[in-house]
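Please view the sequence and the model alongside the text.

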Amino acid sequence: MGLIRAVFDAAFRQGGARLKPVGPRWPLLLFHVDTGGCGGCGMELQALAAGPYDMQGAGFGFVPSPALADVLLVTGPLTRTMAPVLEAAWQAMPKPKGLICVGGCAVDGGIFPENYAVLGGLDRKATVDLHIPGCPPSPQQVLDGLCSLFGQRTQPAQNSQAVGSSSTSS
């Protein structure tokens, strides 16, 4: 957790309702690796990036390469096939760097037990800076988890659809 705090402290001023940029590390850049599983957490992350959630306003953004990332975001249980890919992504990241597990599968293997193809979750294999539980966690839960590293609370996303309101006139 100390490594992530160092990144946040270097990148942002503390205090205020919203964190403000003070240098070239705005927003905090995330690289997503799906190491296996059903893909549910990955779909929720896509919704977070494109939906009504203020991800960039909260200080986060996705990048297409680990060489550009500050934090590695992992979803799915670690499979034997993806273990070298995950290691290569971790090695490609500049220091300081952090690791975040999204969903129960990434944390402890979830519904995928250890076997010949699945190594399980990352909780016993690496030092994880943040666990975001759920199967899958909603985009709001992911954003709340990311913001918890700042000690910041987010506003729930506004529903863009009108809820059945009716008016009567006499």
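How do the residues of the lining of the second largest pocket divide into nonpolar, polar and charged? They divide into eight nonpolar, one polar and two charged, where Ala, Val, Leu, Ile, Met, Phe, Trp, Tyr, Cys and Pro count as nonpolar, Asp, Glu, Lys and Arg as charged, and the others, Gly among them, as polar.

The model is predicted: local features require pLDDT of at least 70 and side-chain atom pairs pLDDT 80 or more, whereas totals for chains, interfaces and linings use all residues. Residues are numbered from 1 along each chain as its sequence is written, and side-chain values use heavy atoms, with hydrogens and water left out.

**Second largest pocket**

- The volume of this pocket is about 160 Å³; a volume is the space filled by probe spheres set on grid points, which are joined across faces, edges and corners.
- A pocket is an open set of points on a 1 Å grid over the protein atoms alone, where a 1.4 Å probe fits, with protein on both sides within 12 Å along at least five of seven lines; lining residues have an atom within 4 Å of a point.
- Among the lining residues are Leu 72, Glu 87, Trp 90, Lys 125 and Thr 127.
- Helix 3 (residues 83–92) supplies the largest share of the lining, four residues; helices (H or I, at least four residues) and strands (E, at least two) are DSSP runs numbered from the N terminus.

- Five strands form an open sheet in the order 2-1-3-5-7, with parallel pairing; two strands pair if DSSP finds at least two bridges between them.
- Strand 2 (60–62) and strand 7 (130–132) are the edge strands, each pairing on one side only.
- On average, neighbouring strands are turned by 30° against each other, direction ignored; axes are lines fitted to C-alpha atoms, for helices over the stretch in contact, and angles run from 0 to 180 degrees between N-to-C directions.

**Helix packing**

- Helix 3 packs on the sheet and touches strand 1 (28–34), strand 3 (71–75) and strand 5, its direction making about 165° with that of strand 3; contact means heavy atoms within 4.5 Å.
- Helix 5 (residues 139–148) also packs on the sheet, and its direction makes about 160° with that of strand 7.

**Strand 3**

- Strand 3 is largely enclosed by the rest of the structure, because five of its five residues are buried (under 20% relative accessible area, 1.4 Å probe, protein chains only).
- Val 71, Leu 73 and Thr 75 point one way from strand 3, and Leu 72 and Val 74 the other way.
- Five bridges join strand 3 to strand 1, and His 32 stands opposite Leu 73.
- Five bridges also join strand 3 to strand 5, where Cys 101 is the bridge partner of Val 74.

Technical notes
Buried < 20%, exposed > 50% of the residue type's maximum accessible area, 1.4 Å probe, protein only.
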